[in-house]
Amino acid sequence: MNIKILSANANLYSTKRLVEAAKARKHDVEVINHAKCDIVIEKKNPVIIYKGHKLDHTDAIIPRIGASVTFYGTAVVRQFEMMRVFTTTESQALVRSRDKLRSLQILSRAGLGLPKTVFTNYSKNVKEIVDQAGGAPVIIKLLEGTQGIGVILVESRKAAESVIEAFNNLQARVIVQEFIKEAGGADIRAFIVDGQVVGAMKRQGKEGEFRSNLHRGGTASVIKLTDEEETAALKAAKAMGLGIAGVDMLQSARGPLILEVNSSPGLEGIEQATGKDIANSIIKYIERNV
């Protein structure tokens, strides 16, 4: 098969591992910078031009679209879909996953456990917002934040009100979430490929840090999911329409709570924590569907 990996950086761990896995299974594979693709739209003849050449004879794509180029990256994926090319992440699912608020609404509708979340249109009644989220301490998240950036733990009501007011004045949209103390600064990531959990890890924030992101110095270790956690992770990925997903959950007294469903989950942390060849699972997923 001819597989294209849509990635802005061919040297990233995840991109390199996918190239290795595709070559190991005797496929032709090429890394394409989606931000440098030209889209040609005409009646019943969708075309993508890259470095002066048409990208035809493509059997499958693996989108690795960064959050900063979601709009254009999604347009490129959609064009490949119009060319009847299989994609491991569909364009609409990618759009849904990048909208934090929409994602939470979809997960809520699917009956999944979530931290209580409040969103307003720059409401002046900040005291009520904090109360609706369960009172201090609360987590305040920028809707556009990634990798733990723009996520704040606010310990007191007064501080929470000040932070929300400051963001409101900057016209920066935020969500306010209850703080799950019993999670202890840790979360779980379940990596899902084609309706199966192919790996799971527990990420622990460094001392004094409530964010567990590996980019922020957190550590990861392999974990066996409970039946309830596995069911929640699979249900979340399905609700979002994602064939490949990293489902982040908190362990709470009332069961697993979904934090986020990532449509371009990194492979480095999960492969190193579990010792599993996740990249190979993704290539096999393509083989089953093309």
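Guide: Helices (H or I, at least four residues) and strands (E, at least two) are DSSP runs numbered from the N terminus. This is a predicted model, where local features need pLDDT of at least 70 and side-chain atom pairs count only at pLDDT 80 or more, while totals for chains, interfaces and linings use all residues. Residues are numbered from 1 along each chain as its sequence is written, and side-chain values use heavy atoms, leaving out hydrogens and water.

The buried residues of H2 include Gly73, Val76, Val77 and Phe80; buried means under 20% relative accessible area (1.4 Å probe, protein chains only). The buried residues of H2 pack against several elements, among them strand E1 (2-6), strand E3 (37-40) and helix H3 (91-98), with contact meaning heavy atoms within 4.5 Å. Just after H2, Arg84 has a positive phi of about 60°.

Now for the strands. Strand E9 (residues 138-142) has four of its five residues buried, so the rest of the structure largely encloses it. Two strands pair if DSSP finds at least two bridges between them. E9 runs antiparallel to strand E10 (residues 151-154), joined by four bridges, with Val138 partnered by Val154. E9 also pairs antiparallel with strand E11 (residues 174-178) over five bridges, where Ile139 stands opposite Gln177.

Definitions and conventions:
Buried means under 20% relative accessible area, exposed over 50%, partly exposed in between (1.4 Å probe, protein chains only).
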